[in-house]
Every structure is written in C-alpha cells, then in structure tokens.
Amino acid sequence: MISVDDGLTPQDLLPAIDKMWAASADRLDRIEGRWQVGAPSPVFTIKGEYQAQGWTDWTQGFQYGSLILQYDATGDARYLELGRQRTADCMAPHVTHAGVHDHGFNNISTYGALLRLANEGRHDASEWERRFYEMAIKASGSVQALRWSTTKSGDGYIYSFNGPQSLFVDTIRSCRALAVAHQLGHKLMGERDEPICLLERIVKHARATAQYNIWYGEDRDTYDLLGRTAHESLFNVNNGDYRCPSTQQGYSPFSTWTRGLSWAMVGYPEQLEWLATRPDSELEPLGGRAEVEGVFLKAARATCDFFIQHTPVCGVPYWDTGAPGLAAMGDYLDRPADPYNDHEPVDSSAAAIGVQGLIRLANLLDARGETADAQRYRQAGLTSLRTLLDGPYLSTGSNHEGLLLHSIYHRPNGWDYQAPGQGVPNGEACMWGDYHLREAALLVQRLAKNEPYYTFFGPTE
C-alpha cells in the first residue's frame, strides 16, 4: 500500500520537476538528432537506445507531443517549432487510421495540444493554423468513433485493434479525440446522413468499460475485488452478449495489469473534467448528469483505490498484481518496489499515468466538497510522482535516451530487454512512460505556480 505523505505539496516538487525538464530536453534533442523523420516510431529502449516495435503505431503522438509539453513547461520556443513541424509533416496518417483505437493518444497529444496552446494564448497561431488543427481533430474523433460495436443492453464500445469483439480498458483515455471533436461542434455522419453524436459514443463506451472491465467488490465473480480491472472484455458480436474477461499484456484475465488500471484511473477523471464544461441538456438523453457522472466517478474511485491498496509504499507498482513471481517476494507491498529483484519487473509507466488520475480525481472531489477523500488521492499522487522524479527512476545520465527508467511494454511476449545477470527486465524506458512523466510534471508544476489548470481540452471559450 502506498505510504502517503500528507505533508507533501506541489511546491515541494518544483526543484525535482526542474531537474526533470533539463533531463527531458537532453533526451528530446538526442532522439531528434538520431531518429529519421518519417521512420517507424520509437517505442521502447534496448540498452538505452530507442527502438521501433511493430504492433500498431501508437507512440508517435507521444514522441512529438513530448516536444510540445517541453515548450509548455519551459517556454523554449525551439520545441514548439519542432512540435508544430513534426505534427504537420508526420501525423496525418494517424488522423485517418481506421485500424486502431489510439486516436486520443496520437492526435490529442499533437494536434490537440497545439490547438490548446493556441487557445490559451501560448503561441501565435493564425486562423488557418487553428482550422488545420480543428479539422484534424474532427476527422480523428470521427474515425475513432466508427470502430463501434453494440452490446445487448443497447450501449456499445469503441473496439480495439483486435476486432469488433474486443473492448480494451485503455480506450477510455483515447476517448479524448471524440471529446474535443464534439467540443468543436462536430458530428459523425452515418448512412443516409444520420448524425451520430460523439458525446453519446463517449458515454456509452465509458459505461460499457465501467460495467465489464472494472470490478467493484459486488460478487460479480469469484475474483471480484474493488477496483480490479481487466485489460480486455470479449463479446459475441452476433448479439452483443458479454462473454468473458481477457488480456493481451497482463498475466491473467483475473489479475490486474497495472498499466491498464492506470488508463482507467486517468481516463474517467479527465472525462469528468470535460463533462463539467458541457450543458446539462446534452446529457439528458443519456440519463442525465447525475447518472452519467455517477458511473464515471464510481469507476474513478474504485480504480484509484485499488492502485493505492495494491502498490508498494513508494507509489510504483509491479507490472501485474497477479504476476506469479510476486508470491516469492514476501510482503512486497510493505516496502519500496525493487526494479532489480529476481522475480517480477516493476512498471514505472503505470505509475506515471496513474499519478494524473489520482490528482485529477482529487480536484474533482474538492469541487464537490469531499475534502478528506480529495486529500488522500492528491497526496498519493504526489507521493508517487516524487518517487518517479528521483533515482532509480529518473534518468539523468548521458548514456540513455529514455527519461523514465524501469518501464515494461509486453511481459508475456518477452519484448522487454533483460540485461545479462538480471533476473527481470529493468533499466529501460518507453515512449508513453516518458510522455506521461512529462504530462504529470506539467500538471503539478501548474498547480504549484497557480497557473491555469492543465486539461487535454483547454479553454472552452
């Protein structure tokens, strides 16, 4: 269980955040200097150097989005110009990529971030540049929303790259593409010009994810633990029946792959922040604000509670809560995670993603007057981030292209590099881990400096 530091403040983390941005600039420069524009995207490091890894191209938005975050945090205009250029030159294929569920990762991290900064007055985008970003997001949200399967209840879900039978927990965070497209006034047009509401698809997808990919300790099955998540849910596409939990990257359908958990932790609070900007009238046909937000908030609380309970005291989890080697590690939750153990790897990227979920949930609860719970979630997030901003997780040496060390990509497939003499993979980085450490640091930095609160959708006026 995370040993929450109740006295830690965002301001306390500013020196470590500044150190992180300095290391981040070095990493971005080295990747830009070595990585050919238009080449397959960097995914994770092997012996400290970023490598491509074929599956789906879901990390290029993190690569170029990191340039934009660097500018956002430091004001160094060189990174803004690089981010603008790389987005314009390289990201168009992601906008119309009909074969993936990752539009919110790739396109909101690039086109969306640039539009947000323009709307915040942080860069002088012309009217046509803004229109360019808006058109990309409208198209991206629509293409994402087209990957639609219906459930027997009448809801539905954006299906994963595995096909129409597959609902991934990850995709709740990729719904950002639909949210910004809807915010821009866009609708998906179907057969015979039928308008399809993107907000409706977000809500239905989120309800299905909450119902089938998250457990609440309500005796759903033998392994029903509050906040446990399954990476994947499988359905009979002939009639929409739910069949069973599954996993691609976790150990078991009945254990919790911690990066999947973290996607839900941040995805639901982010959507709640965005829903707060929408008029009640838009939510009435979907059950009303109280019902919709109740589902989202229940999922957010459950997953964040599970993370706090099932993560070691330092705030960095192992890659799966049911990983078999954990049984040989004794009371591993009662001491800091050990990346160099001989049994199971940690996943720092899950922590980096989860930090935002904890802090954003805290801010939502503060607004509702639930200050005690808000304090618990916020302090857990700050405690976890403090760990990530220091050794052995923050990479500050000159021999590594990664920023956040000890992340895991695909343990079952054996894709992660394991150095000779090490019992498990460790010491390597991944593009989403680096990106989300930067994003979490930007969120906390803005809180510490009383700057505008950072959201994926930016100012709504």
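Predicted model: local features only at pLDDT ≥ 70, side-chain atom pairs only at ≥ 80, totals over all residues.
At 27% relative accessibility, Cys197 counts as partly exposed, a class that lies between buried (under 20% relative accessible area) and exposed (over 50%), with a 1.4 Å probe and protein chains only. Residues are numbered from 1 along each chain as its sequence is written, and side-chain values use heavy atoms, with hydrogens and water left out.

## Cysteines

Cys314 is in no disulfide either, as the nearest cysteine sulfur, in Cys430, is 17 Å away.

## Pockets and a cavity

Rolling a probe the size of a water molecule over the atoms shows where empty space is left. The search uses a 1 Å grid over the protein atoms alone: a cavity is a set of points where a 1.4 Å probe fits but cannot get out, while a pocket is an open set with protein on both sides within 12 Å along at least five of seven lines, and lining residues have an atom within 4 Å of a point. Grid points are joined across faces, edges and corners, and a volume is the space filled by probe spheres set on the points.

The table sets three of these spaces side by side. Its classes count Ala, Val, Leu, Ile, Met, Phe, Trp, Tyr, Cys and Pro as nonpolar, Asp, Glu, Lys and Arg as charged, and the others, Gly among them, as polar.

| Space | Volume | Lining by class |
|---|---|---|
| Largest pocket | About 180 Å³ | Six nonpolar, four polar, three charged residues |
| Second largest pocket | About 150 Å³ | Four nonpolar, two polar, five charged residues |
| Largest cavity | About 120 Å³ | Seven nonpolar, four polar, three charged residues |

The largest pocket has 13 lining residues, and the closest to its centre are Asn119, Gln183, Leu184, Pro459 and Thr460. Helix H6 (108-119) and helix H9 (176-183) are the elements that give two or more residues to this lining; H6 gives the most, with four. Helices (H or I, at least four residues) and strands (E, at least two) are DSSP runs, numbered from the N terminus.

How many cavities of 30 Å³ or more does the whole structure hold? The search finds five. The largest cavity is lined by 14 residues, with Trp58, His101, Phe161, Asp170 and Gln249 the closest to its centre.

## A sheet of three strands

Let us turn to an open sheet with the order S5-S8-S9 and antiparallel pairing. Two strands pair if DSSP finds at least two bridges between them. S5 (residues 166-168) and S8 (residues 232-235) pair over three bridges, and Phe168 stands opposite Glu232 in S8. Four bridges join S8 to S9 (residues 242-246), where Cys244 is the bridge partner of Leu234. S8 and S9 form a hairpin with six residues between them, and Gly240 in the turn has a positive phi of about 85 degrees.

## One more residue

Our last stop is Ala88, in helix H3 (residues 77-90). Ala88 is partly exposed, with a relative accessible area of 40%. Ala88 and Phe132 are 44 residues apart in sequence, while their C-alpha atoms are 9.1 Å apart in space.

Methods: Disulfide = S-S within 2.5 Å.
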